[in-house]
Amino acid sequence: MREMTEGRQGGQPGDGGRTTSVSVSPASGAANVSARAGLAVRLRDAGQRVTPQRMLILSALTPGAHLSADEVYARIEGSLLAVNRSTVYRTLERFRDLGLVS
């Protein structure tokens, strides 16, 4: 089960003070790959594009970890893809709205 919660403390400048956290329940490596493939299908079924940025953000969600959006951003910051903090926040919120995380 993936979980995302929002609070009203901290956050980045210009984000209205929001803090976004994500937690992911444990899964084996194979199950985790399968879960990501399933999320890609769910994104498509919801009419959303499966972009490299969205898949990169999904890859940063570690089973059993409870991460803030800033921690997710820190995990992907050095990747070859250009993903900024606001992309992480918007993507996690979209995943929540689509029921991919709660």
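Student: In which helix is the place of Glu-71?

Tutor: This is a predicted model, and in it Glu-71 belongs to helix H3.

Student: Is Glu-71 buried, exposed or partly exposed?

Tutor: The class follows from the relative accessible area, with buried set at under 20% and exposed at over 50%. For Glu-71 the relative accessible area is 39%, so the residue is partly exposed.

Student: How far apart are Glu-71 and Val-88 in sequence and in space?

Tutor: They are separated by 17 residues in sequence, while their C-alpha atoms are 9.9 Å apart in space.

Student: How is the packing of two helices to be described?

Tutor: Two packed helices are characterised by the angle between their axes and by the distance between those axes. Here, H3 (residues 69–76) packs against H4 at an angle of about 125 degrees, and the two axes are 9 Å apart. H3 is therefore oblique to H4. Their crossing is right-handed.

Student: Which residues of H3 and H4 meet?

Tutor: From H3 come Ala-69, Asp-70, Val-72, Tyr-73 and Ile-76; from H4 come Arg-85, Val-88, Tyr-89 and Leu-92.

Student: At what angle do H2 and H4 pack?

Tutor: Helix H2 (residues 52–60) and H4 pack at about 80 degrees, with 10 Å between their axes. Angles of 65 to 115 degrees count as roughly perpendicular, and H2 and H4 are therefore roughly perpendicular to each other. In this pairing, Arg-54, Ile-57 and Leu-58 of H2 meet Thr-87, Val-88, Thr-91, Leu-92, Arg-94 and Phe-95 of H4. Val-88 and Leu-92 are among the H4 residues that meet H2, and both are also among those that meet H3.

Student: How does the length of H4 compare with the expected span?

Tutor: H4 covers residues 85–97, which is 13 residues. From its first C-alpha to its last it reaches 18 Å, close to the 18 Å expected at 1.5 Å a residue.

Student: Which residues of H4 are buried?

Tutor: In general, an α-helix has 3.6 residues a turn, so residues three or four places apart point the same way. In H4 the buried residues are Thr-87, Val-88, Tyr-89, Thr-91, Leu-92, Glu-93 and Phe-95.

Student: Why does Thr-91 count as buried?

Tutor: Thr-91 has a relative accessibility of 9%, and therefore counts as buried. This residue lies in H4. Leaving aside residues up to four places away in sequence, Thr-91 touches Arg-54 and Ile-57.

Student: What follows H4?

Tutor: Gly-99 follows H4, and its phi is positive, near 80 degrees. Val-101 is also found in the segment after H4.

Student: Is Val-101 buried or exposed?

Tutor: Val-101 counts as buried because its relative accessibility is 2%. Although 62 residues separate Val-101 from Leu-39 in sequence, their C-alpha atoms are 9.9 Å apart in space.

Definitions and conventions. Residues numbered from 1 in each chain as written. Predicted model: local features only at pLDDT ≥ 70, side-chain atom pairs only at ≥ 80, totals over all residues. Heavy atoms only, no water. Helix = DSSP H or I, 4+ residues; strand = E, 2+ residues; numbered from the N terminus. Expected span 1.5 Å × (residues − 1). Buried < 20%, exposed > 50% of the residue type's maximum accessible area, 1.4 Å probe, protein only. Contact = heavy atoms within 4.5 Å. Axes fitted to C-alpha atoms, helices over the stretch in contact; angles between N-to-C directions. Parallel < 35°, antiparallel > 145°, perpendicular 65-115°, else oblique. Left-handed = near helix turned anticlockwise from the far one by under 90°.
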